[in-house]
Amino acid sequence: MINLKAGFVSSVAILAGLGFGVSAQAQPEAPPTLRVWQGEPPPPRWHDPAAESSYVGTPPRDPAETARLESAADHILARYPQTGLLFGLSGVNSAAAFQPPQPGPDRRIGVMIRMSEDAYVFSGGCGVQGSTEYLPVAAAWFDGPRSNTWLEAHPEAYMAMLIGWRQMRGFCEEHLQMPPRLPRDVEATSTILAVSALGEAMGLSALEGHQTRDGDVWDGQIIGRIFRRMGVSQFPDGGELDSPSGLARLIAGRRRIDRPLFSVEDDGDGDSWVWHFIGLLTDWDYLRPLFDSAPSADSDSAVRAWFDASLRQAGDPAIGLNRRLPVTNWVGVTAAWHADPQLYGQGVFRRDQWQADMVTSNTGPGCQAVTLSRTVAAAELRLNVPMAASNCLVVSWAGSRPDPELPPTFTLVARAPGVDAAGLDALHLSADQNWEPPIQVERGGQVTIEGERGNVPIIRPGLVVENARSGEAVKTWEVVFRPDDAFNDDRMTLVFTNLHPDSDARTRPMDLDLTLGSGAHEARQALRGTMHTEDGDPCHDQRPLPLNVAPVHQMPSLAFQAAAVDAEDFSIEGHLLSVGARDLQREMNDCGRVQLALFAAAVPGAPPGSPAAVCEARMAQMAGLGAQAMAAAQGGSMGSLEDLQPRQVTFSLTPRRPITGPGTYPADASVGYEDMTLEQRGMSLPSSNHGEGSITVVAAEPGLLRVRYEARFEPQQCVAHLAGTISGELESVVALPLVGNSRREIIAPRAIELIGDRRWMELPVATRREMERQPRREAPEPAQAPAGPAATSSTVAGLGQCGLSPEDVRRVLEEFARQLPAEVRAELLSQISADPDAARIMACTLREGG
């Protein structure tokens, strides 16, 4: 039995629990506080008898540091997330009764009791008893600065965690029926670790804005500044709390992202950062429903379900853990919120240091690396994504870019064997597609955080493509290459997270077969030709045709995908331009891919130099060229518009039987030549010469198509003609390339995925629910007969085949026209009314481009 110390029996009557709003006796209205007790120990409230001998009653040797830490305690209590729960820290309600006596007014004053041994500096946790009912703190904190570890240099951080842990002890005892036990008697379970980590996170979040001993301020980017002062540039430690890895895990999300959330696997630590970051995203709104309920079982799945339900109840039923975890893990693995811009690429903010321990399931430490280029147009790899966890890729681009004005755009196709179309809803891709300036965290205590750092959400919407007959399904995304800011190494992190939006129970581990790349299409020509004057004798006035067309041309890959993705109506269309000629079709197709990746059209106001700004300028330039073309056509001279009417060879190949798999297929071919200058001189040019050729499908996989082709054209009599060969190779990352449109179902993203969480919450509740009820599946198209051999103006590059009705054409073009200058708009609308075929081509181009 522990006896009461003489002289303190009279103080027992004024001891009370330090709480926020609940007490057995009337509480003063002044804010609660914590102060260091000095002299004889207060009435004993020890849980571990051995701890009492560690009590230090002598006055702290550093009054200035003591005052700073007591000020930190006040700051933490003032900013602590308001949940209505009791802290339960013992203290007094009379300022005069505190030792030493405190200046008035009377208020709740919690006792910080100094301990000589750090082993007793523990206030408890979920299901875990502390050494005392007071708040135990290290005596050395108040005796002078120390800096051997980050915790010694910043003891206020540990004090914040002690406060949070103690609150969780009371919650688990009262709401989860977990009576606290001494640490040696406690088994670390998912609930114990997760709920203790929640208290840890709340305490650390309340520290933000407080000034450190060296004059810095606790904010989201303090970690790099701490490490710079300590000379830390790597993580060689084992992850202990007071190590650099411990700090990075606690306040910067440098944690294992490939372990199921809240799992005890590999000594799980409760995932404090997840609680912390999502708390900042939501202003801790989830705490009230969280603390009004409890996990249904002591398991990681039950804790996730508890957290998920609280998020949905506090915000919107569509925004659960499946929307928060992908962003949280992406922010952690990219250091997107934690790297001070002045430290990008330095010290711990080097990719090999930061990401190395965050993923352990790949072939090497960290994220799986993949390099794309114009020659490596597609790459294949495997990636394991456990349930309620993430894995990541680091994408590099080598060499020149396909479009010198735009970053490369690439397609991803993911297949998870054994997972059907509905199951693929669990797979989320996180990638930064914003070109706004990096996040700046305001100094002086005000920390602002947005889940979406710009207009484009981090979670990217993907399309699910399903074979309606076999049930095979893949998920596909379009991504613009945007390197990570923090690492400053011109590489980009993609994060895949596996958590189903309907329920944790519907989530299954995934072994992904991934294909990604920008695709490539190289066409070659070895042609010669003839022409004749329009009023001459075609049999006797033939003369050599000066082609002046490049022997090799890089085709836009999107044009191929739009034209040849349907195995039941397969065709290859292309063109070859003169050397150095501007390829407007490619430029617009590249912008189409950008808009498809961003799920947004080019609009005014994009950051200078961003892909959206480049494409906005191109659209304006195209509008100007269109206006010039209309004026020139009215004047009868098109000589100054070679960009719109280039010198080019156009061709197409159509197989004579359906494409069913790898192999060589005989094909009908067509070729023509356009040269505005020669046509204005009255020359008749080859327009539609027919030949034959072959299409060889080299590889056809769920996310990849490789094709070679060759066409041969023979000389013809009494007609302008082209003779020789056209050949080429194309490689495309495309979903289920051999599943024809009559068997393919497209499943659109959920409505919230298309617009993002922020815009979703700006909508009226009734609108959100109505959008959720909209069907997501697009039924397969009826089977069509194979196309004929000739390519018309509306089938070149797959344009004009998008099935728009005349009303749809008008609507699309009117929306586009609203972006044009007033002097161009009326003329454009009058022209498209006069030329329905051209209008359809333009509308389909706009729609297919995004």
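**A threonine and its surroundings**

Analyst: Happy to! Let's start with T328, which lies in helix α10. Keep in mind that this is a predicted model.

User: Is T328 buried or exposed?

Analyst: T328 counts as buried, because its relative accessibility is 0%, and the cut-off for buried is under 20%.

User: And what does T328 touch?

Analyst: Leaving out residues up to four places away in sequence, T328 touches W273, V274, F277 and I278. Those four belong to the α7 side of the contact between α7 and α10.

User: Nice. At what angle do the axes of α7 and α10 cross?

Analyst: At roughly 110 degrees, with the axes of α7 (residues 272-282) and α10 (residues 321-334) coming within 10 Å. That makes α7 roughly perpendicular to α10. The crossing is right-handed.

User: Which residues meet there, by class?

Analyst: Nine are nonpolar, two polar and one charged. Among them are W273 and L281 from α7, meeting residues such as L325 and V331 from α10.

User: Switching topic: which residues touch the most other members of the largest nonpolar core?

Analyst: That core has 113 residues, and W141, L198, I223, W275, Y286, F307 and W354 touch the most other members. Helix α3 (residues 155-175) gives the largest share, eleven residues.

User: What does F307 touch?

Analyst: Not counting residues up to four places away in sequence, F307 touches F262, V274, W275, I278, Y286, L290 and L321.

User: And how many residues are in the second core?

Analyst: The second, separate core has 35 residues, including Y673, I695, L722 and I726.

Conventions:
Residues numbered from 1 in each chain as written. Predicted model: local features only at pLDDT ≥ 70, side-chain atom pairs only at ≥ 80, totals over all residues. Heavy atoms only, no water. Core = buried A, V, L, I, M, F, W, Y, C linked by side-chain atoms within 4.5 Å. Buried < 20%, exposed > 50% of the residue type's maximum accessible area, 1.4 Å probe, protein only. Helix = DSSP H or I, 4+ residues; strand = E, 2+ residues; numbered from the N terminus. Contact = heavy atoms within 4.5 Å. Axes fitted to C-alpha atoms, helices over the stretch in contact; angles between N-to-C directions. Parallel < 35°, antiparallel > 145°, perpendicular 65-115°, else oblique. Left-handed = near helix turned anticlockwise from the far one by under 90°. Nonpolar A, V, L, I, M, F, W, Y, C, P; charged D, E, K, R; others polar.
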